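The structure is shown first.

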Amino acid sequence: MEYITLNNGVKMPMLGYGTFQIPAGDTERCVLDAISAGYRSIDTAQGYFNEEGVGEAVSKCGIPRAELFLTTKIWISNGGYERAKNSIDESLRRLKTDYVDLMLIHQPFNDYYGSYRAMEEACRAGKIRAIGVSNFMPDRFIDIAGFVEVTPAVNQLEVHVFQQQKAAREILKKHGTQLMAWSPLAQGKNGLFNNETLAGIGETYGKTAAQVNLRFLIQLGVVIIPKSTHKERMEENFALFDFKLTDKEMRELETLDLGVSQFIDHYSPEVAELFVGAGKADQ
């Protein structure tokens, strides 16, 4: 395993296991499989409605809590200081732990400044080891980073070979904030699993197109959290540390960047209305 040191000195695995869209009833089994496959970083969120399953797996896996890195996120409906403060304690209860290693604001909507103050307070109290944001595009990130006491340690964005977040990477580097990729395999969109460039490079190392894409992100310095409900695919996604792409291969893969989301445009007014509506509906 390779690690990154966050801007507050906390060490974080470069590779973790994502639980987005895993049904609550399957989460415990999937997380236990991931941990047995070697994963020590698990990513969940209040909005995934599966924190309980993650907590059950963590309590049963037999791995000391100190060897695991747990990430969760505050959902839009819990925005604002008081709601966020209460939701942090509720997440700890569901996760069956006294602390989380990383907590993020899930989306840049509602009173995210109040939420951030609640996270800063919880961090000082030892309930959270590192704090950050998710889906904060460069304009929103610059805004929040400029007016908080604790610079975000992480910003979690959509990152894969077709959306390399080049502009965001420069901004985050300037602030010492680590980029973390959600959906690093793009859910196979745009033919990622059969891409000729990825597959051609993979033949050199006996690796799949998916593995080459993931290794590319790691060598860019991006933390990744691929998701699968199948243990054999979890193991495949984990097998990234026995090969290294050359500088020439890295440059070749950089040309695949389309510079646009394969899922959702966070600058779109329609998307903003969708998230605001979802946040209000959950309150």
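## Helix α7 against α10

The helices α7 and α10 cross in a left-handed manner, a crossing being left-handed if the near helix is turned anticlockwise from the far one by less than a right angle, and right-handed if clockwise. Their axes, those of α7 (residues 196–205) and α10 (residues 247–254), come within 10 Å and cross at roughly 160°, which makes α7 roughly antiparallel to α10. Angles under 35 degrees count as roughly parallel, over 145 as roughly antiparallel, 65 to 115 as roughly perpendicular and the rest as oblique. On the side of α7 the contact (heavy atoms within 4.5 Å) is made by Thr197, Leu198, Ile201 and Tyr205, and on the side of α10 by Glu249, Glu252 and Leu253. By class, this contact has four nonpolar, one polar and two charged residues, where Ala, Val, Leu, Ile, Met, Phe, Trp, Tyr, Cys and Pro count as nonpolar, Asp, Glu, Lys and Arg as charged, and the others, Gly among them, as polar.

The model is predicted, so that local features need pLDDT of at least 70 and side-chain atom pairs count only at pLDDT 80 or more, while totals for chains, interfaces and linings use all residues. Residues are numbered from 1 along each chain as its sequence is written, and side-chain values use heavy atoms, with hydrogens and water left out. Helices (H or I, at least four residues) and strands (E, at least two) are DSSP runs, numbered from the N terminus; axes are lines fitted to C-alpha atoms, for helices over the stretch in contact, and angles run from 0 to 180 degrees between N-to-C directions.

## Helix α7 against α8

Helix α7 also meets α8 (residues 209–219), the two axes coming within 8 Å and crossing at roughly 90°, and the two helices are therefore roughly perpendicular to each other. Leu198, Ala199, Ile201 and Gly202 of α7 make this contact with Ala209, Val212 and Asn213 of α8, a set that divides into five nonpolar, two polar and no charged residues.

## Helix α2 against α3

Helix α2 (residues 51–60) packs against α3 (residues 81–95) at an angle of about 45°, with the axes 7 Å apart, and the pair is therefore oblique. Here Glu51, Glu52, Val54 and Gly55 in α2 meet Ser91, Arg94 and Leu95 in α3; two of the contact residues are nonpolar, two polar and three charged.

## Aromatic rings and backbone angles

Across the whole structure a search finds nine aromatic pairs, rings of Phe, Tyr and Trp (its six-membered ring) being paired if their centres lie within 6.5 Å. Ring pairs link Tyr17, Tyr39, Phe238 and Phe241 into a cluster. Lysine 11 lies over the face of tyrosine 3, at 4.8 Å from the ring centre, and arginine 65 over the face of tyrosine 99, at 4.0 Å; such a charge has NZ of Lys or CZ of Arg within 6 Å of the ring centre and within 35 degrees of the ring normal.

Glutamine 21, although not a glycine, has a positive phi of about 70°, and its place is in the loop between β3 (17–18) and α1 (24–36).

Methods. Rings of Phe, Tyr and Trp (its six-membered ring) pair if their centres lie within 6.5 Å; planes under 30 degrees apart count as stacked, over 60 as edge-to-face and the rest as tilted.
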